[in-house]
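Take a look at the model below. The walk through it starts at a pocket and then moves along the helices and strands.

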Amino acid sequence: MSGGGTQPGFPGMDVLEAQEERLTLRRFTHDDAWALGSAPAELARERQAPVAIDIRRGGQQLFHCALPGSSADNDAWIDRKRRVVERYGESSLLVGSRFRAKGTTFEESSRLDPNTYAAHGGSFPVRVEGAGVIGTITVSGLPQVEDHAMVVEALERLLAP
């Protein structure tokens, strides 16, 4: 992982920005939402990861899965991380990293209610060519960098030929 003003163990902003650029879909149907949500669900089951997974397009929830060990608290984290993506149009980890690179935190400097917004890794924009950000995929239950990595891996699987 590279630098870019992030904490040790966090991907650099250059890596996060490249992910956003690379992980753009050609289309996003209900079947695509099912495939996209099923990928991290399978990964989490294999790894016995206690996560909840959520996919939204606009105001509609297209996929939700809560695996053993997850709780309603994960659903609350999903909502808070998702709102960051909806507001900024970038992954929740990238938004948090931008604040850290400025020597501050999202909570200190965003002027947004931390009970409503959380710039912690795990939510990623669903971006479609020619349409921009049309939704979100969010994972909650692991450390934030691992939540983010699981979402990236799921998007990579969906984009694989």
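**From the pocket inward**

The lining of the largest pocket has 5 nonpolar residues, 3 charged ones and no polar ones. Here Ala, Val, Leu, Ile, Met, Phe, Trp, Tyr, Cys and Pro count as nonpolar, Asp, Glu, Lys and Arg as charged, and the others, Gly among them, as polar. The lining residues are Leu25, Arg26, Arg27, Asp32, Leu158, Leu159, Ala160 and Pro161. The volume of this pocket is about 200 Å³. A pocket is an open set of points on a 1 Å grid over the protein atoms alone, where a 1.4 Å probe fits, with protein on both sides within 12 Å along at least five of seven lines; lining residues have an atom within 4 Å of a point. The volume is the space filled by probe spheres set on the points, which are joined across faces, edges and corners.

This is a predicted model: local features need pLDDT of at least 70, side-chain atom pairs count only at pLDDT 80 or more, and totals for chains, interfaces and linings use all residues. Residues are numbered from 1 along each chain as its sequence is written, and side-chain values use heavy atoms, with hydrogens and water left out.

Asp32 leads on to helix H2, as one of its buried residues. Buried means under 20% relative accessible area, with a 1.4 Å probe and protein chains only. Helices (H or I, at least four residues) and strands (E, at least two) are DSSP runs, numbered from the N terminus. H2 covers residues 30–47 and reaches 26 Å from its first C-alpha to its last, close to the 26 Å expected. The expected span is 1.5 Å times one less than the number of residues. At the start of H2, a side-chain oxygen of Thr29 comes within 3.3 Å of the backbone nitrogen of Asp31. Just after H2, Gln48 has a positive phi of about 55 degrees.

What do the buried residues of H2 pack against? They meet strands S2 (52–57), S3 (60–66), S4 (123–128) and S5 (132–140), and helix H6 (144–159).

Strand S5 holds Thr138. Thr138 has a relative accessible area of 0%, so it is buried. Its side chain makes a polar contact with the side chain of Ser123, at 2.7 Å. A polar contact is a pair of N or O atoms within 3.5 Å; within protein, one must be able to donate a hydrogen and the other to accept it, and residues adjacent in sequence count only if both atoms are side-chain atoms. Leaving aside neighbours within four places in sequence, Thr138 is in contact (heavy atoms within 4.5 Å) with residues including Ala52, Ile78 and Val151.

Ala52 also touches Ser70. Ser70 sits in the loop between S3 and H3. The C-alpha atoms of Ser70 and Ala52 are 6.1 Å apart, though 18 residues separate them in sequence. The side chain of Ser70 reaches the backbone oxygen of Leu67 at 2.7 Å.

Ile78 is among the buried residues of H3. The 17 residues of H3 should span 24 Å, and its end C-alpha atoms are 25 Å apart, which agrees. Just after H3, Gly89 takes a positive phi of about 75 degrees.

Is helix H4 enclosed or open? In H4, 8 of the 10 residues are buried, so it is largely enclosed by the rest of the structure. Gly96 belongs to H4. Gly96 counts as buried because its relative accessibility is 1%. The buried residues of H4 pack against several elements, including H3 and H6.

How values were computed:
Buried means under 20% relative accessible area, exposed over 50%, partly exposed in between (1.4 Å probe, protein chains only).
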